[in-house]
Amino acid sequence: MTVVDSSTDATDRHAGASGYFDIAREHFALAERSATVVTEDFRIAGLRIRLRCAGTALHDFITTALAHLRVEPGDGPELTVGLWDAQETGVTMPAAPWPDDKRRARGETAFFNAGSIHVYYQIDAGVLGVVDTRRGEAFVQVASAAAVPYYEQSHPLRTILHVWLATRERQLVHAGAVGTSVGAVMLAGMSGCGKSTATLACLRAGMLYLGDDYTVAWDGARPHVASLYSIAKLNPDNLARFPELKPLNAARLASQKALVPLHPQFAAQLAPVLPLRAILLPWVSGVKNSRLTSTTASQLLRAMAPSTVLQLPGAGQSALRALGELVTRVPCFILESGSDLATIPAAIQEILIETGS
């Protein structure tokens, strides 16, 4: 992630971002006239979001991970996102308003913001996005849906949703979540700690699933966690532990990380939102049976915050504050994941019973 700062003053920066947003709106209007437009509504973390996709290939790519959150069309979406495929529509945005010497810093994501307007560019994916959080409006141009890296399908619109949800007192978190009718636990930590294995073991056991990699949390009168995506990710060797999921794998090569769309096959287990009862930090224990041990809020925050902040452009002190408040509201545990996967859901169900009473 690279935060790009301009050498001009704040007034010029805002004028540049605002003008670029208007250009994006105009280009989307052109794209709408050049391709089939599909409009659908989704409810994410209790908020209605409308996607308008110019280009059917782009629509399928973007919405597969969000299919479980689709709702009937309604009035007053809080956020409307216009998306188009530049190759399919023939409509291409001009260069974004940050300095050329910053655009490819670290080869990852350039990020520019001024006031309520945020602009980002994912270099590897060829994705350019702008969002005005005040107006609840965003536009995304994809150079070519066919050329977007396959793994982007598991977390579409991640940057726009992160930026916009933060202004609605909701924090996108690098964490999975599973639960029962009583509530849910979040499973947080760096990549490779066992979040996906634990969440899919719980799915296999019949528990409710809200995500294995990204979820949304907020700390209101009662903390809640909401589902965001329904495509699970597994390393190829770990997929062998879930043979029932192999036919669903959407990865293009055997060496790639497995992408497993869980909708519609597991639709009955895909929960949109649940009360948050506890936060767990999983790690592979090397023993057979899983167990939970208590930990402190500060220890858990040190483990969960870096991956969230580093993976989300523009995340910083506000994200740290949100996560810090969250870990103080619910019990925190270490999940020592055993080799017997069936003992993982048993341990989580036990803590849900204890914390939900």
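Helices (H or I, at least four residues) and strands (E, at least two) are DSSP runs, numbered from the N terminus. The model is predicted.

**Exercise 1.** Locate glutamate 169 and leucine 157 relative to the helices and strands, and state whether each is buried or exposed.

*Solution.* 
1. Glutamate 169 belongs to the loop between helix 4 and strand 10 (171–173). Its phi is near 60°, a positive value in a residue other than glycine.
2. Leucine 157 sits in the loop between strand 9 (137–142) and helix 4. Leucine 157 also has a positive phi, of about 60°, although it is not a glycine.
3. Such values deserve attention because most residues other than glycine have a negative phi.
4. The cut-offs are under 20% relative accessible area for buried and over 50% for exposed. Leucine 157, with 8%, is therefore buried, whereas glutamate 169, at 70% relative accessibility, counts as exposed.

**Exercise 2.** Describe the largest nonpolar core and the surroundings of leucine 51.

*Solution.* 
1. The largest nonpolar core comprises 46 residues. Among those with the most contacts inside it are Ile44, Leu51, Leu79 and Leu161.
2. Elements giving two or more residues to this core include strand 2 (37–44), strand 3 (47–54), helix 2 (56–63) and strand 14. Helix 4 gives the most, with 5 residues.
3. Neighbours within four places in sequence are set aside for leucine 51; its contacts then include Val38, Phe42, Ile62, Val81, Leu83 and Leu157.
4. A second, separate core has 29 residues, including Phe266 and Ile348.

**Exercise 3.** Determine how much space the second largest pocket holds and which residues line it.

*Solution.* 
1. The second largest pocket holds about 440 Å³ of space.
2. Its lining has 21 residues, and Ala166, Gln171, Ser318, Ala319 and Ala322 lie nearest the centre.
3. Two or more lining residues come from each of strand 6 (109–114), helix 4 (158–166), strand 14 (215–219) and helix 8 (317–327). Helix 8 gives the most, with 6 residues.
4. By class, the lining divides into 10 nonpolar, 6 polar and 5 charged residues.

How values were computed
Residues are numbered from 1 along each chain as its sequence is written. This is a predicted model: local features need pLDDT of at least 70, side-chain atom pairs count only at pLDDT 80 or more; totals for chains, interfaces and linings use all residues. Side-chain values use heavy atoms; hydrogens and water are left out. On a 1 Å grid over the protein atoms alone, a cavity is a set of points where a 1.4 Å probe fits but cannot get out, and a pocket is an open set with protein on both sides within 12 Å along at least five of seven lines; lining residues have an atom within 4 Å of a point. Grid points are joined across faces, edges and corners, and a volume is the space filled by probe spheres set on the points. Ala, Val, Leu, Ile, Met, Phe, Trp, Tyr, Cys and Pro count as nonpolar, Asp, Glu, Lys and Arg as charged, and the others, Gly among them, as polar. Buried means under 20% relative accessible area, exposed over 50%, partly exposed in between (1.4 Å probe, protein chains only). A nonpolar core is a set of buried Ala, Val, Leu, Ile, Met, Phe, Trp, Tyr and Cys residues joined through side-chain atoms within 4.5 Å. Contact means heavy atoms within 4.5 Å.
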